Amino acid sequence: MTEPAPATENLVQARGLSRIFSSRASLFGKKRVLAAVSGVDLDVPRGRVTGVVGESGCGKSTLARLVLRLLEPSSGSIHFDGIDLAGVPPPALRTLRRRMQMVFQDPYSSIDPRYSVRNAVLEPLQVQGVQLDAAAQDARVASLMSMVGLNPTLAASYPHQLSGGQKQRVGIARALAMQPDFLVLDEPTASLDVSIQAQIIALLEQLQSDLGLTYLFISHDLGLVRYFCNRIVVMYLGRVVEILPDAQAAPRHPYTRALMDSTFEPDPQRRRVVTLLQGEIPDAFKLPPGCAYAARCPQASARCRSERPALARDGTHSLACHHPLS
Ligand SMILES: Nc1ncnc2c1ncn2[C@@H]1O[C@H](COP(=O)(O)OP(=O)(O)O)[C@@H](O)[C@H]1O
Ligand code: SF4
Ligand SMILES: [Mg+2]
């Protein structure tokens with residue numbers, strides 16, 4: 001018997017990942033080009049929660065779709081469990097997709113509102129061509145609904161009859177239907193009330209440990225990411241600017257520090273002076289030559305405005321800054 005290949009430490013590994021979008025400002029206008037994701041290296045360790053954080057428009061959802069190969073990269077590679085996704089023909093990619101699923105911010109935007117919860121939960125199985133008789137379907141729906149904390153009596157309900165939290169639980173049940181090992185969670189709680197948000201995060205934590213799942217958790221909220229994730233990747237205008245090796249690591253990039261300072265701290269004992277992020281985000285179509293954060297950065301020097309800092313490792317911590325904070 002041959003030994004199975006040793007499992008790689010990273011379930012997902014992306015190298016030099018870029019995605020260019022082009023558009024015209026008007027019908028006869030000049031074509032404008034934007035790098036939504038630019039030269040991103042990403043490691044997602046098996047069985048852990050990796051966070052991606054950054055302001056709206058920094059490329060988080062584009063990165064998520066690239067990683068799952070729902071979007072073709074302009075350049076770069078993605079390996080899933082050691083398999084180069086570029087070399088996988090479409091039928092095999094469809095089978096591989098069972099193992100990687102996405103939970104969206106608004107779970108029902110992609111589902112027909114005429115679908116009952118039952119049909120919404122069964123749809124991924126149908127798409128994958130899994131044949132079950134009615135009794136087996138009922139059993140699968142009930143088990144998935146219990147797994148996400150929904151009463152199986154809700155199976156006949158329609159989206160408009162559910163609360164936001166219940167809808168997101170259906171979204172999570174759909175993502176779990178094919179028993180994946182990797183979930184990309186793209187701002188799964190951003191549209192929910194704070195109290196509901198906490199319940200969904202608790203559910204995701206429980207599922208991650210019970211099922212040994214690997215998560216890529218995307219959020220604009222650094223406080224939430226620091227609570228939930230083992231490793232944190234910070235993005236600014238399409239590039240990775242810092243990788244914190246653990247949630248306790250102190251940010252050293254001025255942008256991450258500003259994100260942290262603008263995070264609301266409910267405990268007045270721990271609240272610091274809130275220095276909200278200042279300055280305009282540069283136009284993504286017209287990025288300056290140096291550091292993209294220079295216009296907003298209190299530490300910016302002449303070098304920052306002319307020379308773009310590369311992402312460099314310092315032990316287990318990585319950052320792209322000419323004048324990192326200590
Ligand atoms: N299909 C598309 N065509 C053109 N531009 C796009 C497309 N998708 C995203 N973008 C642009 O790419 C950038 C990153 O978007 P996105 O990945 O959605 O960021 P985030 O999820 O961090 O808010 C934005 O400037 C956005 O307008
Ligand atoms: S490279 Fe310069 S402008 Fe950019 S974040 Fe660092 S100090 Fe600020
Ligand atoms: Mg997004």
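Helix 6, residues 194-211, contains 18 residues and reaches 26 Å from its first C-alpha to its last, close to the 26 Å expected at 1.5 Å a residue. The expected span of a helix is 1.5 Å times one less than its number of residues. Helices (H or I, at least four residues) and strands (E, at least two) are DSSP runs, numbered from the N terminus. This is a predicted model, in which local features need pLDDT of at least 70, side-chain atom pairs count only at pLDDT 80 or more, and totals for chains, interfaces and linings use all residues. Residues are numbered from 1 along each chain as its sequence is written, chains are lettered from A and ligands numbered from 1 in the order in which they are written, and side-chain values use heavy atoms, with hydrogens and water left out.

- The buried residues of helix 6 are Gln-197, Ile-200, Ile-201, Leu-203, Leu-204, Leu-207 and Gln-208. They cover an arc of only 160 degrees around the axis, which puts them on the same side of helix 6. The arc is that of the directions from the helix axis to the C-beta atoms.
- Ser-209 and Asp-210 are exposed on the other side of helix 6. Buried means under 20% relative accessible area, exposed over 50%, and partly exposed in between (1.4 Å probe, protein chains only).
- The cover over the buried residues of helix 6 includes strand 3 (49-53), helix 4 (134-147), helix 5 (164-176), strand 7 (182-186), strand 8 (214-219) and helix 7 (222-228). Contact means heavy atoms within 4.5 Å.
- Just after helix 6, Gly-212 takes a positive phi of about 60 degrees.

- Thr-189 is found in the loop between strand 7 and helix 6. Its relative accessible area is 3%, so Thr-189 is buried.
- The side chains of Thr-189 and Gln-197 make a polar contact at 3.1 Å. A polar contact is a pair of N or O atoms within 3.5 Å; within protein, one must be able to donate a hydrogen and the other to accept it, and residues adjacent in sequence count only if both atoms are side-chain atoms.
- Not counting residues up to four places away in sequence, Thr-189 touches Gln-197, Ile-200, Ile-201 and Leu-224.

**Helix 5**

- The 13 residues of helix 5 should span 18 Å at 1.5 Å a residue, and its end C-alpha atoms are 19 Å apart, which agrees.
- Helix 5 is mostly covered, with 10 of its 13 residues buried. Among them are Gln-168, Arg-169, Val-170, Ile-172 and Arg-174.
- Strand 6 (100-103), helix 3 (117-127), helix 4, strand 7 and helix 6 pack against the buried residues of helix 5.

**Tyr-215, in strand 8**

- Tyr-215 lies in strand 8. Tyr-215 counts as buried because its relative accessibility is 0%.
- Leaving aside neighbours within four places in sequence, Tyr-215 is in contact with residues including Val-44, Thr-50, Phe-182, Leu-204, Leu-207, Gln-208 and Phe-228.
- The side chain of Tyr-215 reaches the backbone nitrogen of Gln-208 at 3.5 Å.
- From C-alpha to C-alpha, Tyr-215 and Leu-162 are 26 Å apart in space, and they are 53 residues apart in sequence.

**The surroundings of ligand 1**

- The residues around ligand 1 are Phe-21, Leu-34, Ala-36, Glu-55, Ser-56, Gly-57, Cys-58, Gly-59, Lys-60, Ser-61 and Thr-62. A residue is near a molecule or strand if one of its heavy atoms lies within 4 Å of it.
- Strand 2 (31-45) and helix 1 (60-67) each supply at least two residues of this shell. Helix 1 provides the largest share, three residues.
- An oxygen atom of ligand 1 is 3.1 Å from a polar backbone atom of Gly-59, and an oxygen atom of ligand 1 is 2.9 Å from a polar backbone atom of Ser-61.
- A polar side-chain atom of Thr-62 lies 2.6 Å from an oxygen atom of ligand 1. Taken alone, ligand 1 exposes 570 Å², and the protein buries 61% of that. Accessible areas come from the Shrake-Rupley method with a 1.4 Å probe; for residues, only the protein chains shown count as cover.

- Arg-69 has a phi near 60 degrees, a positive value in a residue other than glycine. Arg-69 lies in the loop between helix 1 and strand 4 (75-80).
- Leu-237, also a residue other than glycine, has a positive phi near 45 degrees. Leu-237 is found in the loop between strand 9 (231-236) and strand 10 (239-244).
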